[in-house]
Structures are given as structure tokens and as C-alpha cells.
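Here is a short report on one protein chain. Please look over the sequence and the fold before reading on.

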Amino acid sequence: MKRNNAVANDNAQSFKSMMFEEVIANNPVLVGTIGICPVVAICTSLKSALLMSVVTMLTMIVAQCLSATVIKRVSPWIRVALYTLSGMLVVAPSMLVLDIVSPATALALGIYLPLLAVNPLIVRQCERVGVKSTISAAFKNAVCCSLGYDAVLILVGVIREIFGSGKIWGHQIINHPMKALNMPLGGFILIGLFAALLHVYFKHSDPLY
């Protein structure tokens with residue numbers, strides 16, 4: 001019983017450490033500068049950010065789990081194509097459902113929703129972790145990494161909707177918004193600001209990290 005409890009504690013600690021690494025210390029957008037395009041181009045509202053976040057997480061989980069079980073057995077030179085195909089298993093149905101449920105949202109997302117299937121973040125994580133891990137470890141890493149990416153998507157989307165459109169989820173709250181925030185430049189400014197704040201945090205909490 002004690003041994004089982006120790007293993008459970010180790011697994012919990014490992015997941016906690018992985019969460020810190022992927023969400024904060026090695027955030028894919030703020031530190032790795034990966035997958036920035038959807039953030040600055042599409043995330044101008046909470047609704048679009050949430051949609052992109054859900055699809056990104058599902059795509060990441062499917063791709064990494066397949067990498068840990070099937071794709072790892074394939075030659076490295078063909079893996080990238082398989083990552084794209086695995087991403088389309090999530091992205092293609094999502095596009096079809098969105099076209100039926102909310103055509104206006106699908107039109108607003110444009111090319112960026114299908115491009116999630118070839119998100120460089122997914123390729124990086126599959127090669128860095130997926131093909132070298134068990135399915136359990138790959139699943140945990142996929143969740144942690146996508147949470148780090150989604151956190152930036154949602155944060156940028158909320159700020160741009162409130163201060164760029166004066167609304168939140170369609171409800172007007174500010175009469176004189178700063179519309180420039182909804183341009184790609186506004187997205188880059190916010191990402192730069194968040195990256196600087198993260199740098200200041202580590203500089204003061206752990207300068208040698």
C-alpha cells in the first residue's frame with residue numbers, strides 16, 4: 001500500500017512539474033514563439049479563442065497519442081505527413097460541424113482553422129515527446145502543452161474583445177474601444193507584453209532558471 005501511494009505521489013508530482021514546464025516555463029507562444037499566427041490573426045474575441053483552444057487541444061491529444069502508439073514505428077522522414085493526417089482527424093469534422101452550426105464563425109476563422117492541422121507546435125511536441133513516450137505520458141504532455149497554448153489564446157482574445165471591441169461575448173461594456181488592438185499589430189503587442197512579464201517573473205523568482 002505504501003509503495004502504491006509513493007508511486008501515485010511521484011506521478012502527481014511529475015504531472016505538476018510537467019504542467020509548470022509546458023504552461024509557464026516553456027510556454028509555446030511566449031517562450032518558444034511557436035504558433036503565433038492564429039493568436040494575432042484570429043483571437044480577437046473570447047468566442048473565437050475558445051473555439052481555437054478546444055480544437056487545438058483535441059488535435060494535440062490525438063496527434064501525440066497516435067505518435068506514441070503507431071507513428072513512432074514509421075521512418076522519421078514520413079512522420080510529418082502523418083502528423084498532418086492525424087490533425088485532420090479532428091480539424092475536418094470540426095470544420096463541418098462549424099459550417100452547419102455557425103457559418104459566420106467559420107467564415108471569420110477563415111484559413112486558420114484548417115491550418116491547425118499543420119500547427120508547428122503539434123509537430124514539435126510529437127517529435128520531442130510523442131514518439132519517445134508511452135501513450136500515458138504523451139497524453140499528459142499533450143494536455144499540458146495545449147493548456148499553455150490555449151491560455152495565451154484565451155487571454156489575448158478576452159483583452160482584445162474588451163478593449164478592442166468594447167464587448168465581451170457580445171455584450172457592450174466600453175463605449176470607446178481601441179480598435180487598433182484587433183489588428184495583428186495589437187496581437188503582437190500583447191504577446192510581447194506577456195512575454196516581458198514572464199521574463200520579469202523568472203528574473204525575480206529564479207534568475208538561474
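R79 forms a salt bridge with E127, and their closest N and O atoms are 3.4 Å apart. A salt bridge here is a side-chain nitrogen of Lys or Arg within 4 Å of a carboxyl oxygen of Asp or Glu. The pair links distant parts of the chain: R79 sits in helix α4 and E127 in helix α6, 48 residues apart. Helices (H or I, at least four residues) and strands (E, at least two) are DSSP runs, numbered from the N terminus.

This is a predicted model: local features need pLDDT of at least 70, side-chain atom pairs count only at pLDDT 80 or more, and totals for chains, interfaces and linings use all residues. Residues are numbered from 1 along each chain as its sequence is written, and side-chain values use heavy atoms, with hydrogens and water left out.

**Salt bridges**

How many salt bridges does a search of the whole structure find? It finds two. In the other entry, the side chains of E22 and R128 meet at 3.0 Å, N to O. E22 lies in helix α1 (residues 2-25) and R128 in helix α6, so this pair ties together parts that are 106 residues apart in sequence. Side chains of opposite charge can pair when their charged atoms come close.

Buried means under 20% relative accessible area, exposed over 50%, and partly exposed in between (1.4 Å probe, protein chains only).

| Residue | Relative accessible area | Class |
|---|---|---|
| E22 | 5% | buried |
| R128 | 39% | partly exposed |
| R79 | 12% | buried |
| E127 | 29% | partly exposed |

**Core**

The largest nonpolar core has 44 residues. Such a core is a set of buried Ala, Val, Leu, Ile, Met, Phe, Trp, Tyr and Cys residues joined through side-chain atoms within 4.5 Å. V29, L30, V39, M52, L113, V156 and I191 have the most contacts inside this core. Helices that each supply at least two of its residues include α2 (36-41), α3 (46-69), α5 (103-109) and α8 (184-205). Helix α7 gives the most, with eight residues.

V29 touches I34, I36, V39, Y149, V152 and I191, not counting residues up to four places away in sequence. Contact means heavy atoms within 4.5 Å.

**Surface patch**

V97, I100 and V101 make a nonpolar surface patch of about 340 Å². Patches are made of residues with over 30% relative accessible area and no salt bridge: like charges are joined within 9 Å, nonpolar side chains (Val, Leu, Ile, Met, Phe, Trp, Tyr) within 5 Å. Areas come from the Shrake-Rupley method with a 1.4 Å probe, and for residues only the protein chains shown count as cover. V101 lies in helix α4 (residues 76-101). V101 is exposed, at 64% relative accessible area.

Is G186 buried or exposed? G186 counts as buried, at 3% relative accessibility. This residue lies in helix α8. Leaving aside neighbours within four places in sequence, G186 is in contact with A180 and L181.

G170 is found in the loop between β1 (167-168) and β2 (171-172). G170 is exposed, with a relative accessible area of 56%. The C-alpha atoms of G170 and E127 are separated by 40 Å.

**Confidence**

The mean pLDDT of the protein chain is 83, and 92% of its residues reach 70 or more. pLDDT is the predictor's confidence in each residue, from 0 to 100. Among the elements, α1 has the lowest mean (62) and α7 the highest (90). Over residues 1-13, pLDDT stays under 50. Where pLDDT is low, the predicted coordinates should not be read in detail.
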